[in-house]
Structures are given as structure tokens and as C-alpha cells.
Amino acid sequence: MEKLLEQIKKGTVWAFPGGVHPPQQKSLSNSAPIARLPLPEKLVLPLKQHIGASGKLIVEKKQHVLKGQALTKPSANWSVPIHAPTSGTIIDITPMPSAHPSALPELSIIIEPDGNDTWCELSPLANPATASHDELVDVIHNAGISGMGGAGFPTYVKADIKQPIEFLIVNAVECEPYITADDTLMREHAAEIVKGIELMQQLLNPTLCIIGIEDNKPEAITAMTEAAKHNEHILIQTVPTVYPSGGEKQLIKLLTNREVPNGGIPADIGILVHNTGTLFAIQQAVYEGKPLIERVVTVTGNTIHNPGNVWALLGTEIKHLLDCQGFSPVPQQRVVMGGPMMGFTLPTVRIGVVKTTNCILAPDHKELAEPGPEKACIRCSACADACPASLLPQQLQWFAKSKEYDKLQEHNLFDCIECGACAYVCPSEIPLVQYYRVAKVEIKEQIAEKIKSDRAKERFDARKARLEQEQAERKNRHKRKPAPKSTEEQQKVADALARVKDKTSDGDNKSAVADAIARAKAKKQGGELEPDNSEVAKERAARKEQARLYKEQKAQNNGDDEPVDDKKSAVAAAIARAKAKKAAQANEQAASDDTESESPVAANDKKAAVAAAIARAKAKKAAQANEQAQSDDTVSESPVAANDKKAAVAAAIARAKAKKAAQANEQAPSDNTVSESPVAADDKKAAVAAAIARAKAKKAAQTNEQAPSDDTESESPAPAADDKKAAVAAAIARAKAKKAAQANALAQQNENAEPQGNDESSEGSQQTAQEKKKAAVAAAIARAKAKKQQKEGNDQS
């Protein structure tokens, strides 16, 4: 450490890698003193002008404010307030374009100045040298001071840092071309800057304070040396003019030969860096009580007739600065906020000055040519040679284009200070810095989303665990252990348990109740007498005994193999009674219907039924005789050739069919006879008998026709006369069967057409009886014909 201090005090400067030497162009604006501008027509103040959270509004529309009055108050970490730059009226609070390449709208306060420029009451510290640490930090915080040379880091955070600081470095390099704001500020206000440095020394107590100034600012070096000569702990160090020597990490390397670790901050190595504009604002806040409401801004470029540095109120529109310095725009004019290396082109000149605005550049086309179209990389490695952070710009650009964010982080993208040296030397005019800026924003968004999702998951897990714990507590609430009891109480509980175990189902409940009452009274031990609740206790014991007996009975019933179900038995009995009642009603109804439906012609109907039964019996007898004759013929035949066998098989099949038909005819009439009721059933029987007779006749005719043909084929040749006779006989049989079927059909139609009812006249009843007789006779004739045809067929076979 002592050796390093000796080297620093001797003026040793260490080089950093990379760097470029662009044209300085500083003489355009550093020759004139800092100018004061007239009040603008309006001021647009964004609520957020620094890194961190914006403050909370404490004013409203149409409210009159004074110069230096706070418009917001700190609401979170790294939050600093903003103040009114002049007195006037708040005409609106609305989103306005921000000082950013995207010009995204940010909530802003719009103030219309009243022209009086009236200050609010200021409260400077009477004796800053004796002020406490917290008092100084609070003054810096409430003054709204943030870094004025870089990203806008809140100054009070650096002032209240807990880590030991060895070196306090003042960044007065101002290495970027065209910018001379710090140069002129040091020339004109060197003493105030030194007072700000001493306040920071009081807060941080560093070993040494080093002011780094480029060697192209001789007047500033002289002014600062003169102002700091009384303080032996302040050292003015001249550094070579190389861009970007004003970068924080690069300046630390130049002055101390220390390197900030990857992902770390200068405080990690015992170093803290402040800008000259920030130190001047600290002096103004502590010694004069003025908040940060204005700053020095360089307005320069070939289109500016009166380039120089001006005191610009925060919120002043860029258009007002340009107009006051004599702006003569050219076609397709560009206006850049910042220098030509790290600045960005403004989308509109209606954007207000913020705390980090140090330069407004309005060049013509020759001075700052518009970049041409991007060309393919020729891999010249010029970008890598110029990079002051020793990165690989070409590789980073490839990863940024392909959105390989993991590889970008592996290649230390966030060590890039966006100085623009790589893009400045690129012969292919690739906008490398723009690729890096977009990639950084997207990576930060991904990290923020991941943090948000992780927090949501933690909250979900915590809630789930809490609900599970509550559920477990509800389940185990009845299982909680009672409070510890005394020995006497434990003995009483044991006695009670023993009595309960020894008690039988037939025990005396009264004695148990009496014992319980006695124990309760004994427990009170001479206290105030309790009311007599013996009757209530007896009733409760009786109910418990009744419940116990009920449970035992229920358990016994459940243990039986066939438990009695009284409800099911009652339901079954009710169903049986309903069925019996319904059957009795049906029988009564059937009996009344039979009694009402009888007529004087019942005798005739019975005769027809008897005749039909006789016909069926005769048909059955004829079928049996036919079957016997056929079996005899089959047995008596001698063995013949294969044709005889075929004839025999055919005849057997015919006989089987005839037998089956006869059995079916026999079964149907017998069933119909048994199931029909008197009178009405006889009519139906006659009709059914006629239909059966017709079916038998038709089937017998078909069987007879089939059997002779089969027999004719199977037998040996016979005389021609016999064949003709058989054919004629079969044709006659078929004709007769057809005629019988027609007669039966006519009889059926007559049956269907006869009128029904019990209220007809006697004349209608006689006509109905005659028709029934005719139907019965027709049925008998049909059966006789069928029998005759069947017999003829058997004879022919």
C-alpha cells in the first residue's frame, strides 16, 4: 500500500488496454464562460432521472410551486426526489417522451414559469464541518443529487457506503469529443468543487483523493491545483488523452493500477469514483441549501452559431437550448444527446434536460456523417484491439444476433461500457454498440421475469405449507395432550377409569352419578358451593345407558347371519296385498263379461265346436293309418337298386312331414279348445279350426304332389297309362284342395264380418247363428275333402 502511494504521488500512470484517438473538437465550446439562458415557456420534468425507483408525487395539477420546492419524495430504495427549477404553476402531470433513444413516455410534471423565479425557503447547514454523518447523508439525499457524469447512480448511496474506502477518485477526465462542461465548471468553480470533495472526505475518510484530468485541459488543471493546495490529501493527476480514459474502470486502472473484478463495483477494491458536477451539487446542497435543479450543458456543433456551455434548468426543452445558441438546421438534421461516441440521436427536440444530460450536439453532414449500411464482418480484429474492457466484440455481436444470451453472459457482455470504440474503428460500419444495448435489455428482462417467477413460487410453496399445517392442526386438535395434572388429580382420574372398567351393563347408574358428583365437590375443596345438578346428571346417565343398549342391540343385529329388515317385510306385504286385490278385481270383471256376452245361440256354437273336434280326431286317425300303411310298404319292399333307396328316403321324408303337420294340427285345436271361454271362445275356435283345416289340406296336397314325383323318379319304368292316371289324380287333388281353401277363406270373411254386442235384436241373433252353422258345415266339408285327398294320395303312392 505504501509503495503504491509513493508511485501515485510521484505521478505514475498505468495504461489500460485498447482505446482510440478521435478528433477532440473541444475548442468550439470551451473558450467562452458558462452562460445563463432566459426562462423557457415550460419545463418538462420526468419523475425518474436516475437509476432506481421514482419518487412519490406530493403536488397536483394547477398548484403553484416555488423554485427549489420538492415535487416528489423518496418512496423506496435508491429513490431521490425532484424539485421545481423555477416558480410557476403545474399545468399538467402526464406521460411525456423520455430522454432515451426509444423516447418511451414517462410520467412527467409540466410547469409553466411565472417569470419571477422566486425561491422557496432554503435551509443550509450552519457548520458542515461539525455535522454528523447521517445529517450530511440526509441533506444529499433530500437535495435529489445523483451521478451527473454517467448512469445517474444516487449519490447518497455512495456517501453512506459501509465498506472502507482507500482512494476517492474525482473523474474530471471528460474524454469524449466536443464535451467541455466539466472543463469550464472546473475553471470557474474550482473552489466549490474542492469543498464538495472535502465533504466526501468527511463522510468516507479515504486515505487519498485523486483528481484525474486529461492533459488537454491545462486551465482546469491550474484552477484545481490552486484550489486544492491547502489540502494535502488531495492529489491532482494528469492522464493522457485517450478515449475512453474517462470510463470508471479505465480511470481506476490509470490512477491506481487496480482492476475492478468481473461483476463487481469499485467499492469492492476500496475505491469510490465521483464526477466533478456531482461534487459541485453536493457543495451547493450543504453550504447553500440548494437542491439539484440545474446543470452545465455543452451546446455545440457546426449548425450552432454560438456554441458554448450554458446553465440549463432541469426540464428545459432541447429546442429552447438550440434556439438560444443560434441553431440553423440543415436538411435531415440530427440532434444528439451526449457526445458523438456514446450519445444517441433524439427522436424529437421536445425532450427536456435531465440530470445526466451533459451535451447537445447538432452537427452537419460533413461533421458527423450518417452511418452507411451494415456490411459483412471481414474479421480484421480492429474492434478487439480497440476494446478497453478486453472483450471480443465480434463474437458478442454474433451471439447477440442469434439471441444466445447464455453465451453472451459467459463472454462477459455486462463488462462492456458501451463506449463505442469498437463501432468507431469497424470498417464494415457494423453498429456493434446497438446490438449490445438491445441484448442487455433483453437479458435484464429475462432475469427480472425469473426473479418474479421464483418469488411467486416461494409464495405459493409458503402458502401451501401453511394450509397443510392448518389442516393438520384441525385434524389433531382433539388429540392435544391435556395440561400436566397434580398427583392427586392423576389418582382421581385413575380411580374413575378403574370404576368405568369394572362397571357392567347392569350396574347401578345412580351410584356412578353420585360418585361423580362427590368427586366434583371434593375437587372444589371447600370453595363456593356449586348448584345441585344431580337430577340433570341422572337424566344424562339414563340417556347414555339407553344409547349404550341401543348400540349393543344394533351390533348384535349386525352380527346375525340373516338380519331382520322390518321395512323390507312391510313393503313386500303391501305389494302382495295390492296384487291380490288387483287379481280379485280382474276375476270379477271377467265373470261379469262372460255373463253379459251369452246369447240364445250358445247351443249352436257348442255343436260347431264339437264338430270341429270330431274333424280333428278323424284327421289324426287318418294320418296314423297313412303312417302305418307307409311303414308297411317300406318293410315289404325287397332290396332294389340305388333308385329304390332314393324313393324310400323321399317317401320317409314325406311321411315325417305329414306326421309333423298332423301333430301340430292336433296340438293347436286342443290348446284353443281348453283356453277359450264360453260362447265368444267357441266362435274363435270355429274360425281357428277352419284355418287349420285349410292349412292341412294345402300341406297334404303339396306332400302328395311331392311324394308321387319322387316315387316316380325312384321306381323302375311303368306302363304309360299308370303314369297318366297318377298325374290326373294329383291334378284333381290339387284343384279340390284349392277349391276347399277358397271356401274356407270365404267362411273366414263371413266370421270377421258378423256384428258383435249384447244389445242386438233377436233377428240379428238368428242371422248370426245361421252364419255360424254355415261356417261349421264348410269346415266339416273341407276336413272331409282333405281326408279324402290324403287317402287318395296314399293309395297312389
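Visitor: Which residue in E16 does Met-337 stand opposite?

Guide: This is a predicted model, in which local features need pLDDT of at least 70 and side-chain atom pairs count only at pLDDT 80 or more, while totals for chains, interfaces and linings use all residues. Residues are numbered from 1 along each chain as its sequence is written, and side-chain values use heavy atoms, with hydrogens and water left out. Strand E14 (residues 336–337) and strand E16 (residues 359–361) run antiparallel and are joined by two bridges; strands are DSSP runs of E of at least two residues, helices runs of H or I of at least four, both numbered from the N terminus. In E16, the residue opposite Met-337 is Ile-360.

Visitor: Which strands stand at the edges of the open sheet?

Guide: The sheet has six strands with mixed pairing, in the order E1-E13-E12-E16-E14-E15; two strands pair if DSSP finds at least two bridges between them. Two of the strands have a single partner strand each, so one side of each is left without a neighbour in the sheet: they are E1 (35–36) and E15 (344–345).

Visitor: How many of the nine residues of helix H7 are buried?

Guide: Helix H7 spans residues 248–256 and is mostly covered. Buried (under 20% relative accessible area, 1.4 Å probe, protein chains only) applies to Gln-250, Leu-251, Ile-252, Lys-253, Leu-254, Leu-255 and Thr-256. The number of buried residues in H7 is seven.

Visitor: Which helix do the buried residues of H7 pack against?

Guide: Their partners include strands E8 (167–171), E9 (208–214), E10 (234–239) and E11 (271–275), where contact means heavy atoms within 4.5 Å. The helix in that list is H1 (2–9).

Methods
Buried < 20%, exposed > 50% of the residue type's maximum accessible area, 1.4 Å probe, protein only.
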